[in-house]
Amino acid sequence: MPVSPHEEDPLASDIPPQRPGPAPDSVRGNPRSSASLLGLHRFNEADPGAAEEALLACCGSHLWALRLAAHRPYPDIESLLAAASEASYDLRPADLAEALADESWMPQPLLGMRAPGSQAAHTALRAAHAAYEARFGHVFVVCLDGIDPEEMLDAVLSSIRTRLANDPDEERLIAAEELRRIALTRLEHLVATHEASPTR
């Protein structure tokens with residue numbers, strides 16, 4: 001999946017390192033680490049501009065980023081992800097087009113091109129990407145969570161070929177859902193990794 005070329009840690013300069021306290025009772029036993037919660041704390045306390053910049057690395061819609069930043073603080077990661085999902089469903093066509101355009105200008109290789117496979121398969125994938133962009137006017141997006149790297153090229157190629165048969169309105173809905181899933185994955189990674197080193 002492409003990742004926006006924003007700063008590696010847009011929240012880092014905004015919030016001084018925090019000494020992590022004991023996990024609240026509501027999250028004890030949860031597989032999410034206390035480091036993730038510390039990352040959420042930093043996100044909640046960040047300057048609005050820094051928070052919006054970090055959110056734009058997850059989804060290129062400014063409305064989506066502004067909405068999530070404006071509704072801070074979030075009590076837990078689940079609440080943040082639920083709000084992000086709801087905001088994704090509420091994107092207007094222009095907001096979706098903005099988010100898709102943001103994916104389009106990123107310099108990373110086409111989706112699936114880094115996956116292992118034969119030269120013929122990579123050539124077919126490149127052609128499929130070109131056909132998709134020519135038909136729909138934006139890059140192909142799909143959430144690849146849970147796909148084995150060895151299967152990724154075939155999965156992307158098969159998905160593009162299937163979706164090329166969609167009419168534009170149908171494909172817009174599918175692309176919006178894939179962007180929502182991608183944004184949630186990026187957002188969870190954001191609050192899980194923007195953390196301070198624990199002190200004892």
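**Entry 1. Burial and overall make-up**

I count a residue as buried when its relative accessible area is under 20%, as exposed when it is over 50%, and as partly exposed in between. I am working with a predicted model. By that cut-off, 42% of the 200 residues in the protein chain are buried.

I then looked up the secondary structure. The protein chain has 8 helices and 0 strands. Read from the N terminus, the order is α-α-α-α-α-α-α-α.

Of the contacts between residues at least 6 apart, 76% join residues at least 24 apart. For the surface, I noted an accessible area of about 10600 Å² for the protein chain. Carbon and sulfur atoms account for 54% of that area.

**Entry 2. Salt bridges**

How many salt bridges does the count come to? I have 8 on record. I went through several of them one by one.

I began with Asp 95. Its salt-bridge partner is Arg 92, and the closest N and O atoms are 2.8 Å apart. Is Asp 95 buried or exposed? Asp 95 counts as buried, because its relative accessibility is 6% and the cut-off for buried is under 20%.

I moved on to helix α8, which covers residues 168–193. Arg 172 and Asp 169 form a salt bridge through their side chains, at 2.8 Å from N to O. I noted that the two residues are 3 apart in helix α8, so about one helical turn separates them. Arg 172 is partly exposed at 37% relative accessibility, whereas Asp 169 is exposed at 52%.

I found a second pair in helix α8. The side chains of Arg 180 and Glu 177 meet in a salt bridge, with 2.7 Å from N to O. Arg 180 and Glu 177 are also 3 residues apart in the helix, which means a separation of about one helical turn. I looked up the accessibility of both partners. Glu 177 is partly exposed, with a relative accessible area of 27%. Arg 180 is buried, with a relative accessible area of 13%.

**Entry 3. Negative patch**

I searched the surface for gathered charge. Asp 148, Glu 150, Glu 151 and Asp 154 make up a patch of negative charge there. I followed up one of these residues, Asp 148, which sits in the loop between α6 (119–136) and α7 (149–163). Its relative accessible area is 37%, and therefore Asp 148 is partly exposed. I note that a patch takes residues with over 30% relative accessible area and no salt bridge.

**Entry 4. Loop between α2 and α3**

I placed Ala 57 in the loop between α2 (48–56) and α3 (62–70). Ala 57 is buried, since its relative accessible area is 17%.

**Entry 5. Ser 159**

I located Ser 159 in helix α7. Ser 159 has a relative accessible area of 18% and is therefore buried. Which residues does Ser 159 touch, leaving out those up to four places away in sequence? I found Phe 140 and Val 142.

**Entry 6. Loop between α7 and α8**

I put Asp 167 in the loop between α7 and α8. At a relative accessible area of 38%, Asp 167 is partly exposed. With residues up to four places away in sequence left out, Asp 167 touches Arg 135 and Phe 136. I looked up the C-alpha separation for Asp 167 and Arg 135, and the value is 9.4 Å. In sequence Asp 167 and Arg 135 are 32 residues apart.

**Entry 7. A cis peptide bond**

I noted that most peptide bonds are trans. The peptide bond from Arg 72 to Pro 73 is cis, with omega near 5°. I placed Pro 73 in the loop between α3 and α4 (77–89).

Terms used:
Residues are numbered from 1 along each chain as its sequence is written. This is a predicted model: local features need pLDDT of at least 70, side-chain atom pairs count only at pLDDT 80 or more; totals for chains, interfaces and linings use all residues. Side-chain values use heavy atoms; hydrogens and water are left out. Helices (H or I, at least four residues) and strands (E, at least two) are DSSP runs, numbered from the N terminus. Buried means under 20% relative accessible area, exposed over 50%, partly exposed in between (1.4 Å probe, protein chains only). Contact means heavy atoms within 4.5 Å. Accessible areas come from the Shrake-Rupley method with a 1.4 Å probe; for residues, only the protein chains shown count as cover. Patches are made of residues with over 30% relative accessible area and no salt bridge: like charges are joined within 9 Å, nonpolar side chains (Val, Leu, Ile, Met, Phe, Trp, Tyr) within 5 Å. A salt bridge is a side-chain nitrogen of Lys or Arg within 4 Å of a carboxyl oxygen of Asp or Glu. Lys and Arg count as positive and Asp and Glu as negative; His and the chain ends are not counted. The place of a charge is taken as NZ of Lys, CZ of Arg, CG of Asp or CD of Glu.
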